[in-house]
Amino acid sequence: RGGGEGRVAEPGFYNEGELVAVLTTQPLDRTLDYRAPEGGCFAGAYVEVPLGPRKVPGVVWGPGLGDFDISRVRSVIRVLDVAPMRAEMQEFLTRMAAYTLTPLPAVLRLATRAPGLGDPPSMRKVYRLGDGRPDRMTEARTRVLALLEDFGGLAFTLGELAEQAGVSSSVIKGLVAQGAVAEQDTPRDLPFPQLDPARPGKALTGDQATAAEALRGGLRAGGYGTTLLKGVTGSGKTEVYLEAVAECLRGGRQALVLLPEIALSAEFLTRVEARFGARPAEWHSGVTLTERRRVWKMIGQGGAQLVVGARSALFLPFRDLGLIVVDEEHDTSYKQEDGVLYNARDMAVLRASIAGARVVLASATPCLESWANAEAGKYDRLELTARFGAAVLPEMRAIDMRAERMQAGCWISPALRDAVRLRLARGEQALLFLNRRGYAPVTLCRACGQQVGCSQCDARMVEHRFLKRLMCHQCGETQPMPETCPSCGAEGRMAPVGPGVERMAEEAAACFPDARIAVLSSDLFSSARALKEGIEAIAGGGADIIIGTQLVAKGHNFPLLTLVGVIDADLGLQGSDLRAAERTFQLMRQVAGRAGRADKPGTALLQTFQPEHPVIRAILGGDEEAFWSAEAAQREAAGMPPYGRMAGIILSGSDSGAVFDLGNALARNDAPLRAVNAQVFGPAPAPIARIRGRHRVRLLVKAPKGVALQDALTRWLAPVRLKGDARLAVDIDPQSF
Ligand code: ADP
Ligand code: ZN
């Protein structure tokens, strides 16, 4: 780039008037040229630029491209008061965009959705509970005070408090005037309390110590590397990776622990606090905007050493990232399925390889991809085979449903019922697991046999008796339970078919009238916080029988739980999806792993109609290596991931014919794919063929490992012109195939 005559050219600095390329979050497919503002700016600076009549935020991405009419290039309006984006983050976003075939601005939005932009004053007013009493109470005042009490000593900004309490700010000002709410000036963003890695951790067992030392060694050696930490539930994986975190902090670098959103429990934060003497920064959907701004800033300034977060924490502006832990690495919630389609596990590896950081992938049941990468030597592998202390792995047995005498409309077999009774008598907890939300998966008319479907989606309406409505699990539409059949008009003949967790609760209540029964299903809790509190109450002994969906499978300890009964172990095996076996295996092992921690041994009973199915046998027998090898061999023979590469192209639009035509045209014009020995399959209806009135078809592209799939896809898709409301999304490494 040419600086002006006589000016000192600092690397990465642009003097006033120089052309810079600015990437904005606007849906444009390129950067735009501007002139650097008065005082110049650094590469990576967050700026505000004019775009048409508007002002939009952006990032100085590099030198201007100079391909605009120079006389029309406008100036950057101002540089925002936040640290510039690091080159490392620019590289991460660029490579992520290239990998996921997403326009860079859409990826940039992920990294700037975090607040921190703008010019916040260094002090701000916050509000917390005061000592005074209001002269009179109104409903609005009560709400404000109750909220502040609920959150203990936590302070809110005026806007947050008004919004969360659902009152106008004048209500709060009124309470301030009377001293019932205290108004304080505080520095906007305080550093997080120091974590102390020198505090001693738990005394590790032999296996644990070996694994911890291997991870520490990796951190001391420095540079990028990924380790798969495999270990049965309760074997101490968390204790082991906390040692890696300690080593990372000792080296003065920052660490990130990613958890599936639901596992971000108070329990985990308490463990971190016990280990390091202070709580880490948190990053997930439940964190207030104010706190997010603080985390974002402090991460950039080094005022936060450890972040515990959900997948979007990957986009935080770490100053010196040394370690990323991906706990429960097989968890499907790491895949973001809308907007930018990415898998946080894979992006963690990418982020770390750019930052020269270590990655620990922890799981009792790793995904086949990670298992294969470890087999191939791309990842190191550490294994913990025994549960800690006296805890033994649950005994796992099948209940052969062909031999059980079942009453009509019941799903708990006599054998399972006896087992539950035994636990209740001992004062222990039992979990009945059924991965189906709602009351009944199907509602049909007994007169004509028609099932009630969603008018907008290719999905059945699911009865939620708790809400007294039918709900579509694709789009969330609800409708009242129909009295008359929507198809034939018959009166009072609508009937539920099959079990959901709410119906299981009914059956359990009838079987065990004295037991306290709790249902753990996402839609029975109004917020993530309510759900977490619900889980904690149950863990503390607040229920005798837990009826749960896959929510309960994820990283939470129920110390009193000694029996897991899987209502329908065959459920996941029915689909045609190649991952069905892997998923079922993972889910069943995870659920079973909830039983028998600490001192009481656990049992898992699987109700199945096919006890000799290879997957069921692998789950019961626990010869995991044999299972993985067999799965891997099948995938390899089919050229499927991780032995081949795969991408899904989802075409959607309100005109089904047009969407199919587009798909067919793409399938016909596949020369760019054939050039790299890639094949295209379809178009076929997507796994969900219609969502919110939009028809969806999918093409699957399969390519040998090692080909530049993204380049071929780009060439193939370049001529596509979308008409009307048609849309195209590329899903690299789709979850289902
Ligand atoms: P995982 O992450 O593999 O499920 P955890 O790390 O949560 O296993 O360990 C299971 C339980 O055993 C936890 O309560 C943990 O504190 C305890 N534990 C594991 N290892 C040790 C150890 N070496 N000393 C004391 N307690 C341990
Ligand atoms: Zn729907």
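## Report on local features of the predicted model

P683 is placed in strand β31 (residues 679-691). Helices (H or I, at least four residues) and strands (E, at least two) are DSSP runs, numbered from the N terminus. The structure is a predicted model, in which local features need pLDDT of at least 70, side-chain atom pairs count only at pLDDT 80 or more, and totals for chains, interfaces and linings use all residues. Residues are numbered from 1 along each chain as its sequence is written, while chains are lettered from A and ligands numbered from 1 in the order in which they are written.

**Backbone exceptions**

Most residues other than glycine have a negative phi, and most peptide bonds are trans. The peptide bond from G682 to P683 is cis, with omega near 10°. A cis bond also joins P641 to P642, where omega is near 5°. P642 belongs to the loop between α17 and β30 (644-653).

K468 is not a glycine, yet its phi is positive, at about 55°. This residue sits in the loop between β22 (461-464) and β23 (469-472). K468 counts as exposed because it has 11 C-beta neighbours inside 10 Å. In these terms a residue is buried if 20 or more other C-beta atoms lie within 10 Å of its own, exposed if 12 or fewer, and partly exposed in between, with C-beta atoms placed from the backbone.

N677, likewise a residue other than glycine, has a positive phi near 65°. Its place is the loop between α19 (671-674) and β31. N677 counts as exposed, with 11 C-beta neighbours inside 10 Å. Leaving aside residues up to four places away in sequence, N677 touches A703, P704 and V707. Contact here requires that the C-beta atoms of two residues, placed from the backbone, lie within 7 Å.

Ala, Val, Leu, Ile, Met, Phe, Trp, Tyr, Cys and Pro count as nonpolar, Asp, Glu, Lys and Arg as charged, and the others, Gly among them, as polar.

V240 is also located in helix α7. With 27 C-beta neighbours inside 10 Å, V240 counts as buried. Residues up to four places away in sequence aside, V240 touches Q208, A211, A212, L215 and L229.

**Helix packing**

Two packed helices are described by the angle between their axes and the distance between the axes. The axes of helix α3 (residues 139-150) and helix α5 (residues 169-177) come within 10 Å and cross at roughly 75°. That makes α3 roughly perpendicular to α5. Axes are lines fitted to C-alpha atoms, for helices over the stretch in contact, and angles run from 0 to 180 degrees between N-to-C directions. Angles under 35 degrees count as roughly parallel, over 145 as roughly antiparallel, 65 to 115 as roughly perpendicular and the rest as oblique. On the α3 side the contact is made by A140, R141 and V144, and on the α5 side by V171, I172 and L175. These residues divide into 5 nonpolar, no polar and 1 charged.

In helix α16 (residues 614-621), the buried residues are V615, I616, A618 and I619. They lie on the same side of α16, because they cover an arc of only 160° around the axis. This arc is that of the directions from the helix axis to the C-beta atoms. The buried residues of α16 pack against β19 (395-400), α15 (580-592), β29 (603-608) and α17 (624-638).

Helix α2 (residues 104-112) has 7 of its 9 residues buried, so it is largely enclosed by the rest of the structure. The buried residues of α2 are L104, P105, V107, L108, L110, A111 and T112. Their cover includes β2 (19-24), β6 (54-63) and α1 (87-100).

W61 lies in strand β6. W61 is buried, with 23 other C-beta atoms within 10 Å. Apart from residues up to four places away in sequence, W61 touches A21, V22, L23, T31 and Q90.

**Selected C-alpha separations**

| Pair | Separation along the chain | C-alpha to C-alpha distance |
|---|---|---|
| W61 and Y46 | W61 to Y46: 15 residues | W61 to Y46: 9.5 Å |
| N677 and L709 | N677 to L709: 32 residues | N677 to L709: 9.9 Å |
| V240 and G64 | V240 to G64: 176 residues | V240 to G64: 48 Å |
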